[in-house]
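Hi,

Here is the structure I promised to pass on. My notes on it follow below.

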Amino acid sequence: MTTAAALPSTDATAHPLDDATRLSLTGPHAHFAERRGDVLRYPPDVASFAALPPDPAESDWADVAALAGPGGQVAYTGDGVLPPDGWEVVARGPGVQMVDDGVAAAPDPEAVRLTAADVPEMLALVGLTSPGPFLPRTVELGVYLGIRHRGELVAMAGERLHPPGWTEISAVCTHPAHRGQGLATRLVLAVAAGIRARGETPFLHAAASNTNAISLYERLGFRLRRTTTFQFVRAPGG
């Protein structure tokens with residue numbers, strides 16, 4: 001697979017998903033945006049993601065630090081974009097970006113809409129399954145669906161980044177005691193159906209090491225668009 005570097009959103013040749021965080025925060029998610037200079041980020045209880053310039057200067061990193069606060073963490077995607085001295089790289093690893101290429105999206109009669117009232121259960125499920133960052137207000141980013149068994153939330157999936165015309169499917173997870181029943185597949189297809197109903201296209205990200213998930217997404221009709229690097233860094237101080 002060939003690694004595609006992120007392009008500036010001002011480049012006429014850029015694809016919206018090359019800088020999905022920036023286009024989300026200047027588009028449908030603009031009401032969440034915290035901005036300083038050319039750096040944007042979500043509130044820290046909503047999402048960890050920040051949008052940096054493709055080749056951040058020292059002043060850009062100063063803006064990231066100001067937004068994050070001393071010891072604050074931010075996440076971003078970008079190949080070869082490393083923080084300056086004084087920053088800590090908390091985690092760094094390759095990932096894939098996949099897009100809808102014939103997904104058989106369909107609503108699910110057992111899927112229920114999750115709300116702020118469900119967040120404690122959602123956080124508990126995320127704690128058991130580690131699908132990726134999910135915070136107390138992440139549910140505000142879009143539609144989250146869940147499946148319950150005897151009242152217990154046992155699987156969920158929802159919407160995260162939202163560049164114009166596209167919506168990311170995220171937080172796909174199933175309680176360990178209920179795996180192998182196709183619950184994740186059903187919820188991905190149900191979330192995709194809601195995205196399609198708005199006239200938008202589903203996409204998603206996964207760690208390159210999560211080959212089981214990638215294989216599942218390929219079987220469902222997602223195709224690889226590009227590879228990237230996920231980075232979680234901590235600002236100096238704190």
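Helices (H or I, at least four residues) and strands (E, at least two) are DSSP runs, numbered from the N terminus. By that count, the chain has 5 helices and 11 strands. Its radius of gyration, taken over C-alpha atoms, is 17 Å, close to the 18 Å that the globule rule (2.2 Å times the number of residues to the power 0.38) gives for 238 residues, so the chain is as compact as a globular protein of that length.

Before the details: this is a predicted model, in which local features need pLDDT of at least 70, side-chain atom pairs count only at pLDDT 80 or more, and totals for chains, interfaces and linings use all residues. Residues are numbered from 1 along each chain as its sequence is written, and side-chain values use heavy atoms, with hydrogens and water left out.

Now the aromatics. The structure holds 6 aromatic pairs (rings of Phe, Tyr and Trp, its six-membered ring, with centres within 6.5 Å; planes under 30 degrees apart are stacked, over 60 edge-to-face, the rest tilted). In one of them, Trp 61 and Tyr 76 have ring centres 6.0 Å apart and planes at 70°, so this pair is edge-to-face. The pair joins distant parts of the chain, with Trp 61 in helix H2 (residues 58–68) and Tyr 76 in strand E4 (residues 73–77). Trp 61 also pairs edge-to-face with Trp 87, at 5.2 Å centre to centre and 65° between the planes. Trp 87 sits in the loop between E4 and strand E5 (88–100), 26 residues from Trp 61.

Best wishes
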